[in-house]
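Hello,

Here is the structure I said I would pass on. My notes on it follow below.

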Amino acid sequence: MIDYTSSKSQLWILICCYFTFNLLISLLLSLLPSEASYQPSKLLLCFYFFGSFLLPVFIVRKLFWSKNLFSDCKNKRQWNLWIIIFSISAMICTIIVMNWLNYLNQQIPIWSSQKEAEIQGQEKLHLYMKMDSIEMLFYNLLIFSFVPSICEEVFFRGTMQPLWEKTTGSKWLSVLITAAIFSFLHFQFLGFLPRLFAGIVLGTIFLFSKNITLTIICHFIYNSSVVLLNYTEQQTTFKTSIFQQQLLNPYLVFSFIVLTIVLLLKLRKTTLREE
């Protein structure tokens, strides 16, 4: 007899709900007009994120969990100023390292058809994020940064990672597995390594801080950096590709890798002191 209250069963329910709702919502969206130039269509992305990520979490937590997701965040010790500083600083450093990992990722030989398809997808996204006013900038920050940050962090770090920890009995294995699934479910091979690294850093921040709101903020910082770079490039002569190339300096990359590790260790030390 299957024990549906076990962490392994809850994991399967969570993942099955994700794929089921994801498929249903994707089919529904495919039936709607696909003119990406119409701004109201962007709101459908919110529907996608809410249905694919928040709904499975709601089902699992409603059926099996009695503890509120944000209840731990009520602990004032988790909002220690240094915990916030170390977490956000580690995420900013992570963005620099992700740029280098993205470069490495694109050097890995894959099927040309897959690579071309992903490049075309990135170009379409760039057009989809076209911003000709400050109002559109804030609109895109809401759609592409704020909503995904909440939905993905609640799903991956807030729910999946604790379930993997209970299933495997290993905190660090749960961080790694969750990060790998987080990157894989984006279904974009060209960005797998940088997203994997970001997932590991976010998972580590959550592991140490037990504060899902903090990882949402860190996730939002990364997503916002992408939107802001696009806006800057569209409104000025600034070239993102040149800027990203300059960040590939090996000494700079190595420094930020070390700094990320140091900041996470400082975060760990601070959270232990607060316990």
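In α1, the residues S7, K8, Q10, L11, L14, I15 and Y18 meet F155, T159, M160, L163, W164, K166 and T167 of α5. By class, the residues of this contact between α1 and α5 are eight nonpolar, four polar and two charged. Helix α1 covers residues 7–30, and its axis lies 8 Å from that of α5, at an angle of about 145°. The crossing of α1 and α5 is left-handed. Please keep in mind that this is a predicted model.

For orientation, here is the chain as a whole. The chain has 275 residues, of which 42% are buried. Of the contacts in the chain between residues at least 6 apart in sequence, 78% join residues at least 24 apart.

α5 (residues 134–168) and helix α8 (residues 212–235) have axes that come within 8 Å and cross at roughly 145°. The crossing of α5 and α8 is right-handed. Their contact has 14 nonpolar, eight polar and three charged residues.

Next come α6 and α7. Helix α6 runs over residues 171–184 and helix α7 over residues 192–209; their axes come within 8 Å and cross at roughly 140°. That angle makes α6 oblique to α7. The crossing of α6 and α7 is right-handed. On the α6 side the contact is made by K171, W172, V175, L176, A179, A180, F182, S183 and F184. On the α7 side it is made by F192, R195, L196, G199, I200, G203, T204, L207 and F208. Sorted by class, the residues in the contact of α6 with α7 are 12 nonpolar, four polar and two charged.

Taken separately, α6 has 14 residues and spans 20 Å from its first C-alpha to its last, close to the 20 Å expected at 1.5 Å a residue. Its buried residues are S174, V175, T178, A179, I181, F182 and S183. What do the buried residues of α6 pack against? They pack against α5, α7 and α8.

α7 has 18 residues and reaches 25 Å between its first and last C-alpha, close to an expected 26 Å. This helix is mostly covered, with 14 of its 18 residues buried. Just after α7, K210 takes a positive phi of about 55°.

One residue elsewhere is worth a separate note. V60 is found in helix α2, which covers residues 43–64. Is V60 buried or exposed? V60 has a relative accessible area of 0%, and because buried means under 20%, it counts as buried. Leaving out residues up to four places away in sequence, V60 touches Q10, I13, L14 and W65. Q10 and L14 are also among the α1 residues that meet α5. The C-alpha atoms of V60 and T5 are separated by 9.9 Å, while the two residues are 55 residues apart along the chain.

Regards

Notes
Residues numbered from 1 in each chain as written. Predicted model: local features only at pLDDT ≥ 70, side-chain atom pairs only at ≥ 80, totals over all residues. Heavy atoms only, no water. Axes fitted to C-alpha atoms, helices over the stretch in contact; angles between N-to-C directions. Helix = DSSP H or I, 4+ residues; strand = E, 2+ residues; numbered from the N terminus. Parallel < 35°, antiparallel > 145°, perpendicular 65-115°, else oblique. Left-handed = near helix turned anticlockwise from the far one by under 90°. Contact = heavy atoms within 4.5 Å. Nonpolar A, V, L, I, M, F, W, Y, C, P; charged D, E, K, R; others polar. Expected span 1.5 Å × (residues − 1). Buried < 20%, exposed > 50% of the residue type's maximum accessible area, 1.4 Å probe, protein only.
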